[in-house]
Amino acid sequence: MKMKFKQVCTEILNLLHISTKNNNLVILICINSITTALIPFVNLYFAMLILDSVFAKYFRQSLVYAFVMILLVFILNCMSKYTDQCLAAKYRFCTNLVEYETVHKSFTLEYEEFDKTDTIEKLHYLDDGINGAGDIGIQLKDITHLLQYCFSSLFSLIFIIFLFFQVESNPSNFFTSQISTLFMILLFICLIVFIFKMQNISSSKTNQMHRENISVNSKSSYIFMLLLDLKHSMDIRLSKLSNLIFNYYDGYKDKSLPMYTQWGTILGKYNSYSTLLIEMYAGISYIFVGAKAFYGLISIGSVLMYTGAINQLITTFQQTVSTYSKISYRFEYLKLHSDFIKTTPKHDLGILPIEKSDDFHYEFECKNVSFKYPGSSDYVLENVTLKFDIGKRHAIVGKNGAGKTTLIKLLCRLYEPTSGQILLNGVDIRNYDFNQYVRIFSIVFQDYQLFSFPIDENIAAHENTDAITIRKILNDVHILDRINELPKGIYTSLNKDNTDGVILSGGQLQKISIARALYKNAPFIILDEPTAALDPVSESEVYTEFNGLVEGKTSIFISHRMSSCIFCDKIFVFDHGKLIDEGNHTELLKSSSIYSSLWHAQSQHYAKTN
């Protein structure tokens, strides 16, 4: 949807405000715009003086004018080129600054807000828009150009106003009367209106093409990156997917080609109309100005100056409309930056500090907790009431979709309960300072992420690492020997995305992720499917070691492998979002039909396997 003029002006001010932190961007833009716009008018004005001086045979004065013109144009050009170079660097800096502010703000927003379909779609729209029509730097560059065109139009109007005053008090003909001035003004207004409409149609068609092409660009970019992504290369080669992927790519290319063809045809059509009328008006202007000179109202040199000013005004107006349209279109998606940055996180509402507890006595309790995801009418959790005993090992079990991981996300304040309360030491967790609150958790989710950084930094989650502690923990999870074999040991980078790192197996990476949780040494440990990528022997080793590693801490295991439950003091059994049973392994085998069926199904499988 096209933005209104007031909205565009507001967004320009917002962008400049965000971009000018510790930055003299606005001053540079103003200097660049004024100096660049002035150059042609200095040339026109002094060309008039030089020409008139030559005709009057004031040759020495004409040389003085020529020298002053060259000097002024040289100074203005130097200022323009210098500020151009400064602005080129500033545009890149401002792009990084605004992107940083956006990313920084996104990590202060609630995960629940960030995970909404609407938010994800907006981010995709932002990314696709930037790829198709330009980023913050290009937008700032066009804003600079727009200001240049505005100054140029202003200077042109000043020159032309003087021309229109050149009339006789007792006119002898059409050209020396005020009627000719009115005629030229009306003709100029008609031309401006027509150019505005042509440029508006042309720009609207261009923006429409960009909007329609966003989806095609996004899909074709995805297909293109698939072919270059090492993670997918084995599947593509072994499953013979390359032909299918190329067919998709060709299909998207075939869709975009007619768009560009149609766009080029429309641009050529409307631009040719505008160019024809501009040239016609330029011809009439030459006759008008020439007649003024012929009847002695202006000098010969003024003919050059005024015709140049008229052409400059028409050209810059055309450029102004076109540039404004591009700026307006870009703000349709770039305004998401300012929207993100202005957002106030709900987490800021919690101000209570977390009391330090040397004995790790942090007791969590859920009271009638229910939850449904935004936009959904179905409850994932219903009236869950339970307590995690201090220093005990807990397991949460149930079939897929039972609500196990969702409960953990609520506990970690990634989401807020739809109803009910989660209490920490008797206080609603929403009342605590969020940054302090999350420090008491060490978590490994099933879809954990390790990054293309050195192993020690992945574990410490910081550049300052404790090598001795890291090696001890890696040894505890039985992967230190493998890490020591790597070229740089714990300082070896993972993956090959942007480094000369190594690629480890899924099980090895999972052990590193568990090591990260242990390194944090938080009082509350949560492992969501911690051994999914491990073989049974490694799994048994990890659980056996965890008895000692989590000693004195409260821990929660979420696992589909029921063997993990044997180590736990209390097991919570979930089914369809409801807590249906709780107890230890022995108790639940007798009392819970669901737990018993899950246990016996897996024990039979292991028996058959063995």
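The legends below describe several close-up views of one predicted model.

Residues are numbered from 1 along each chain as its sequence is written, and side-chain values use heavy atoms, with hydrogens and water left out. Because the model is predicted, local features need pLDDT of at least 70 and side-chain atom pairs count only at pLDDT 80 or more, whereas totals for chains, interfaces and linings use all residues.

**View 1. A nonpolar surface patch involves helices α2 and α3.** The patch covers about 670 Å² and is made by Ile27, Ile31, Phe67, Leu71, Phe74, Ile75 and Met79. Patch residues have over 30% relative accessible area and no salt bridge; like charges are joined within 9 Å, and nonpolar side chains (Val, Leu, Ile, Met, Phe, Trp, Tyr) within 5 Å. Accessible areas come from the Shrake-Rupley method with a 1.4 Å probe, and for residues only the protein chains shown count as cover. Helices (DSSP runs of H or I, at least four residues) and strands (runs of E, at least two) are numbered from the N terminus. Helices α2 (25-55) and α3 (59-106) each supply at least two residues of the patch, and the largest share, five residues, comes from α3. Isoleucine 27 lies in α2 and is exposed, with a relative accessible area of 55%. Here buried means under 20% relative accessible area, exposed over 50%, and partly exposed in between (1.4 Å probe, protein chains only).

**View 2. Four strands form an open sheet.** The strand order is β2-β1-β4-β5, with antiparallel pairing. Two strands pair if DSSP finds at least two bridges between them. At the edges stand β2 (381-388) and β5 (427-428); each has a single partner strand, so one side of each lacks a neighbour in the sheet. Strand β1 (residues 364-371) is joined by five bridges to β4 (residues 419-424). Within this antiparallel pair, cysteine 366 stands opposite isoleucine 422 in β4.

**View 3. Strand β8 pairs with both β3 and β7.** All five residues of β8 (residues 554-558) are buried, so this strand is largely enclosed by the rest of the structure. In a regular strand the side chains alternate between the two faces of the sheet. In β8, Thr554, Ile556 and Ile558 point one way, and Ser555 and Phe557 point the other way. Strand β3 (residues 393-397) pairs with β8 in the parallel sense over four bridges, and histidine 394 has isoleucine 556 as its bridge partner. Strand β7 (residues 524-528) also runs parallel to β8, joined by five bridges; here isoleucine 525 is partnered by serine 555.

**View 4. The largest pocket holds about 1900 Å³ of space.** On a 1 Å grid over the protein atoms alone, a pocket is an open set of points with protein on both sides within 12 Å along at least five of seven lines; a cavity is a set of points where a 1.4 Å probe fits but cannot get out, and lining residues have an atom within 4 Å of a point. Grid points are joined across faces, edges and corners, and a volume is the space filled by probe spheres set on the points. The pocket is lined by 48 residues, and the closest to its centre are Phe107, Leu414, Phe434, Val438 and Phe445. The largest share of the lining, five residues, comes from α16.

**View 5. The largest cavity has a lining that includes residues of α1 and α10.** The structure holds one cavity of 30 Å³ or more, and the space in the largest cavity is about 50 Å³. Its lining consists of Glu11, Asn14, Leu15, Ile18, Val98, Ile136, Phe331, Leu334, His337 and Ser338. The elements giving two or more residues to this lining are α1 (5-19) and α10 (300-342).

View 6. A salt bridge is a side-chain nitrogen of Lys or Arg within 4 Å of a carboxyl oxygen of Asp or Glu, and the structure holds seven. Lysine 472 is exposed at 54% relative accessible area, whereas aspartate 476 is buried at 15%.
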